[in-house]
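Dear colleague,

Please find below the structure that I am handing over to you. My notes on what was found in it follow directly after.

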Amino acid sequence: MIPRRVDEGIYEVSPEMKVVKFNETIMNFTMAVPARIYANEYLMERIARDKSVDQITNVACLPGIRKQVIAMSDAHQGYGFCIGGVAATDVEGGAISPGGVGYDINCGVRLLRTPLKYAEVAPVLPELTEALFQAIPSGLGSRGKLKITNTDLDRVLDEGINWAIDNGYGFEKDRVNCEDNGFTQGADSSIVSAKAKARGIRQLGSLGSGNHFIEIQKVAEILDPVAAKIMGIEKDQVTVMIHTGSRAMGHQICTDSLQEIDHLMHREGIIAPDRELGYVISGTKEADRYLAQMRAAANFAWTNRHIIMHWARGAFNDVLNVKPEDMELVYGLAHNILKQEEHDLGDGKRGMVNVHRKGATRAFPPGHKDVPLNYREIGQPVLIPGSMGTSSYLCVGQQKAMDLSFASTAHGGGREMSRSKAKRKFFGKNIKQELNDRGISVRAASLKVLAEEAPLAYKNIDEVVGVSHNLGIVKKVARLVPIGVTKG
């Protein structure tokens, strides 16, 4: 299936029959809605290299799918859904697919502003980067410094950052500028497997590995002075961005759910267009069970980033004597999550739908009830990080997002080459030296991860964000550049 360009920044595959071969059996599936890719020519050429287009056309065949399936400008092949995939299904009778959320449930980003200017931080950048690296455990299989009880863990899974704030991590005001106020309702810790709990209990407050990071940034450019002022952002200001998710807890919950769903589909004789696209029907007990576990993992991730933020504040206090309360949360958001939201479904109809966002960021417009009051006139803050050597963007959601993308946008640069290919092409030692030569202090758990996460392994972030900005999905507010990076 070859997408055709239908407008500036929009490619589309119209509904058609898909022929899928399972072993020796040929099956036909019909796309119920079009599949759209938001990209320019440069990005479309890269997205077309893998199975992303095939994956979103598969999703367009799922029961109860509404309006259109979307691949954002950072799309690349994932499990079931492409990463950068967005899809909405009916809350009664529509499909709910763990592949539309992913293994790292509620992987997401936070941005803190500091009262510091770059000139104040530059002389101590290596020391500050090292302090962050030492304060926050990172790396593959890393464990947090916290030793919590099983009762504490259940509270984290059920209550999100409310547990953390009750226990002295962060401040009451942190709730306001966080999606869901850092607490996804409807979680049920009692049905989370013992294996998931055992894997997660020692990882709370840890960064993990791969593309997860803590980044010290400088505000290089103000692109919307009004919105920037409302968010407390100024040129040359130092900010901190935190990117991580639910660690082994989310991975195990997804694994458990996929096994349960696979057995159910086999028992009921249900076949999906792709073996990785298992689903349950919204409104059934099986769907409710997945949602309750997914929400528990989401609460773990909200809390994980919250505790990391608390320790990051401590590192700044140790090195630069910045009071923790003066490092304020600009916004925190999720990338991999399913939300039940009301949206325009076309033909003048509105309704509640299951919005799957996998490697996609919510982008509500000005005036939306779920945007914090202090930002409601400008729209929801949107954080789109680049790679460790490129810019990141602070944006705000716009009204067109409601029509074009179920209020969603890209979540980052999006990989252009696999981790294995990046390791063959780049050397971690060289990447570190190149970043140091550009004034970026780097601390990583291994040189291997620096090779995997080399800037050229990702799509051009300026192009990715430019597509959403030009389509009117988001408006660019500020461009941030890395000055210190810690990686797992």
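A disulfide is taken here as a pair of cysteine sulfur atoms within 2.5 Å. By that criterion, a search of the whole structure finds 0 disulfides.

Before going further, please note that this is a predicted model, in which local features need pLDDT of at least 70, side-chain atom pairs count only at pLDDT 80 or more, and totals for chains, interfaces and linings use all residues. Residues are numbered from 1 along each chain as its sequence is written, and side-chain values use heavy atoms, with hydrogens and water left out.

For both cysteine 254 and cysteine 395, the closest cysteine sulfur is that of cysteine 107. The distance is 13 Å from cysteine 254, too far for a bond, and 18 Å from cysteine 395, again too far for a bond. Buried means under 20% relative accessible area, exposed over 50%, and partly exposed in between (1.4 Å probe, protein chains only). Cysteine 254 is buried at 1%, and cysteine 395 is buried at 0%.

Overall architecture

The protein contains 15 helices and 21 strands; these are DSSP runs (helices H or I, at least four residues; strands E, at least two), numbered from the N terminus. Its radius of gyration is 21 Å, close to the 23 Å that the globule rule gives for 488 residues, so the protein is as compact as a globular protein of that length. That radius is taken over C-alpha atoms, and the rule is 2.2 Å times the number of residues to the power 0.38. The C-alpha trace spans about 65 × 50 × 50 Å along its principal axes.

Of the 488 residues, 62% are buried. A contact means heavy atoms within 4.5 Å. Among contacts between residues at least 6 apart in sequence, 78% join residues at least 24 apart.

The mean positions of the 60 positive and 57 negative charges are 4 Å apart. Lys and Arg count as positive and Asp and Glu as negative, while His and the chain ends are not counted; each charge is placed at NZ of Lys, CZ of Arg, CG of Asp or CD of Glu.

Local features

The loop between α6 (161–166) and α7 (194–200) holds tyrosine 169, which is buried at 16% relative accessibility. Leaving aside residues up to four places away in sequence, tyrosine 169 touches Leu146, Trp163, Ala164, His306, Ile307, His310 and Trp311. Aspartate 180 is found in the loop between α6 and α7 as well. Although not a glycine, aspartate 180 has a positive phi of about 65 degrees, and its relative accessibility of 26% makes it partly exposed.

Alanine 407 also has a positive phi, near 55 degrees, in a residue other than glycine. Alanine 407 lies in the loop between α11 (400–404) and β19 (408–410) and is buried at 0%.

Finally, helix α4 (residues 125–135) has as its buried residues Leu125, Leu128, Thr129, Ala131, Leu132, Phe133 and Ala135. Their cover includes the helices α3 (118–121) and α10 (285–320), together with the strands β10 (213–222), β20 (441–444) and β21 (474–487).

Yours sincerely
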